[in-house]
Amino acid sequence: MRWMPTLAAVAVLLATSAGGQSQEGPSPGLTDKPKVSGSTTDSGKTSPTDSAVTDSTTDSTTDSTTDSVTDGTDGTAANSRATEPTSVGGERVGGSATAKTPHREGVSSPSPATATADVGGDGPATFPGHPWQWRRRVYFREEFEDGDGWKKRWVQSKHLSEYGKFQLTAGKFYGDKEKDKGLQTSEDAKFYALSARFEPFSNEGQSLVLQFSVKHEQGIDCGGGYVKLFPQDLDQEDMHSNSSYYIMFGPDICGMGNNKVHVILNYKGKNHEINKTIKCRINKDTHLYTLILRPDSTYGVKIDNELVIVGTLEDDWDFLPPKKIKDPYARKPRKWDERPQIEDPDDKKPEDWEDFEKIPDPDVKKPYDWDTAMDGEWEAPLIPNPKYKGEWKRRIIDNPNYKGEWVHPEIDNPKYKPDPNIYRYYNISVLGLDIWQVKSGSIFDNFLLTNDEEFAEKVGNQTWGVRKDPERIWREAFEEEEKKKHLEETKKKMEADDEEEKKYAIEEEAEYDDEEDEFADQSELENDKELKEEEDKTRGGNGTTGADIKDEL
């Protein structure tokens with residue numbers, strides 16, 4: 001029996017289509033939704049989301065096999081049920097909603113459409129009792145394009161009195177000075193604790209996509225570049241490193257050998273780190289980090305819009321006990337032989353095999369006057385054995401009794417119970433930057449929380465993707481200029497050092513000359529004195545006195 005929509009369903013769909021967007025960018029009316037408690041939504045070009053939801057679904061083309069209901073106006077399908085999925089990530093109609101306020105130009109929101117979202121259990125159609133229709137939902141988006149407006153939306157924690165301060169800047173190199181502004185850490189060796197609140201939501205029955213960009217233009221040596229998602233009950237003014245969170249995601253760097261992308265998920269009150277290593281990008285460019293959690297408990301991590309790892313939550317985290325355990329009652333049989341090869345028991349050492357490396361010298365005889373009582377037992381000196389063949393060993397053969405490595409049999413773990421809701425969180429309501437940095441300068445930007453992977457990829461391409469090449473070119477030119485500047489300064493310093501050395505040498509030489517002249521004068525005075533004393537002695541030696549000389553005159 002073919003599915004036929006009720007009048008009420010058609011009315012809902014028509015209302016949905018009427019409220020959707022037919023052009024790029026969200027409808028201005030969506031920004032008039034009630035604001036989130038504790039945060040504000042400005043009407044500037046870029047601002048975070050409030051409690052409304054974008055009334056748009058995937059912009060993918062639906063399958064040609066559909067059951068259509070026209071809206072009675074132009075004959076277009078107001079309600080089409082596709083037999084094939086059209087997007088990854090969907091959500092049922094109803095529940096809390098969030099709308100994206102005006103954002104960066106060029107980031108388009110697709111025209112309204114309706115379709116099933118049943119990709120790998122990712123859409124609500126896989127959940128009994130859920131309507132098949134879904135909508136793209138943007139729970140939070142922040143690109144800092146309204147100047148100081150971010151200060152009204154982000155809350156500085158007061159848990160510590162000396163948290164580092166964030167500043168809004170595009171940094172030293174960028175693609176667009178205004179559009180590429182983000183929150184930059186500005187003080188070295190500081191903790192940072194800043195957060196933004198949005199309307200609480202649950203990712204039950206839909207994908208959760210967490211995306212942001214970070215640029216370590218300072219050449220970070222040790223510090224975090226990750227974000228956290230918190231529950232609704234977080235006190236933002238008391239947020240600190242021990243505050244309970246749902247998800248911690250992003251790069252963490254400390255030295256060249258210790259860098260990775262954290263993916264820490266909370267399950268039943270306990271934080272679990274992914275048991276695989278994801279390396280982050282270490283350079284001064286902006287990089288885009290994306291985490292995807294799906295309702296079928298699979299996940300994916302992207303860096304710069306490229307998948308770097310995929311898997312299942314159950315396999316790659318230790319949320320649950322293992323499905324299988326070793327049988328505690330199983331024991332390896334006593335005669336189980338695991339040796340692939342053995343020594344040949346029938347192999348015998350040849351009788352003429354010499355395995356002594358040294359032997360007593362047969363040509364040396366005991367001295368005739370050797371006294372055993374006085375000199376001890378006589379032993380001939382050792383010489384290399386000319387017949388030495390090395391240490392004899394039995395040859396190795398295949399073990400005829402080899403049975404292979406014994407594998408401990410496994411049984412079902414009685415403590416294991418599958419949980420299809422590992423991925424699910426309720427009341428997600430705060431995104432926070434809770435990090436420590438030794439050297440400041442990291443810039444965070446392009447925050448996005450949505451249920452649509454394709455939309456997140458497009459936003460990434462139209463933000464990070466647009467800036468990456470101009471930023472890299474500028475950065476390379478900047479670094480080249482800095483290198484030239486450094487070389488010039490080094491050259492000037494060396495020249496200044498050379499001048500200083502020359503000046504010092506001249507002064508030292510002049511000082512040496514002065515000392516030499518002074519020494520010469522002193523020597524001359526001493527010589528005159530000695531001559532005079534010698535002259536006086538000579539006169540006294542002839543018997544002539546001063547009185548005699550006076551009488552003669």
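## Thr450 and its surroundings

Leaving aside neighbours within four places in sequence, Thr450 is in contact (heavy atoms within 4.5 Å) with Arg136, Arg137, Val138, Tyr139, Ser207, Leu208, Val209, Phe455 and Ala456. Thr450 belongs to strand E24, residues 442-450. Strands (E, at least two residues) and helices (H or I, at least four) are DSSP runs, numbered from the N terminus.

Thr450 has 0% relative accessibility and therefore counts as buried. Buried means under 20% relative accessible area, exposed over 50%, and partly exposed in between, with a 1.4 Å probe and protein chains only. A polar atom of the Thr450 side chain lies 2.6 Å from the backbone oxygen of Arg137.

## Basis and confidence of the model

This is a predicted model, in which local features need pLDDT of at least 70 and side-chain atom pairs count only at pLDDT 80 or more, while totals for chains, interfaces and linings use all residues. Residues are numbered from 1 along each chain as its sequence is written, and side-chain values use heavy atoms, with hydrogens and water left out.

The predictor's confidence in each residue is pLDDT, from 0 to 100. The protein has a mean pLDDT of 76, and 71% of its residues reach 70 or more. Confidence is highest in strand E10 (residues 227-231), with a mean of 98, and lowest in strand E2 (residues 77-82), with a mean of 32. Over residues 1-132 pLDDT stays under 50; for these residues the model has 322 contacts beyond four places in sequence.

## Aromatic pairs

Rings of Phe, Tyr and Trp (its six-membered ring) pair if their centres lie within 6.5 Å; planes under 30 degrees apart count as stacked, over 60 as edge-to-face and the rest as tilted. By this rule there are 19 aromatic pairs. One of them joins Phe140 and Trp154 edge-to-face, at 6.2 Å centre to centre and 70 degrees between the planes. This pair links distant parts of the chain, 14 residues apart: Phe140 is in strand E3 (residues 138-142) and Trp154 in strand E4 (residues 154-156). Both Phe140 and Trp154 are buried.

Phe212 and Phe447 form a stacked pair, with 6.2 Å centre to centre and 15 degrees between the planes. Here the two residues are 235 apart, Phe212 in strand E8 (residues 208-216) and Phe447 in strand E24. Phe212 is buried at a relative accessible area of 0%, and Phe447 counts as buried at 1% relative accessibility.

## One aromatic cluster

Which residues form one aromatic cluster? They are Tyr139, Phe140, Phe144, Trp154, Phe198, Phe201, Phe212, Phe249, Tyr289 and Phe447.

Methods:
A polar contact is a pair of N or O atoms within 3.5 Å; within protein, one must be able to donate a hydrogen and the other to accept it, and residues adjacent in sequence count only if both atoms are side-chain atoms.
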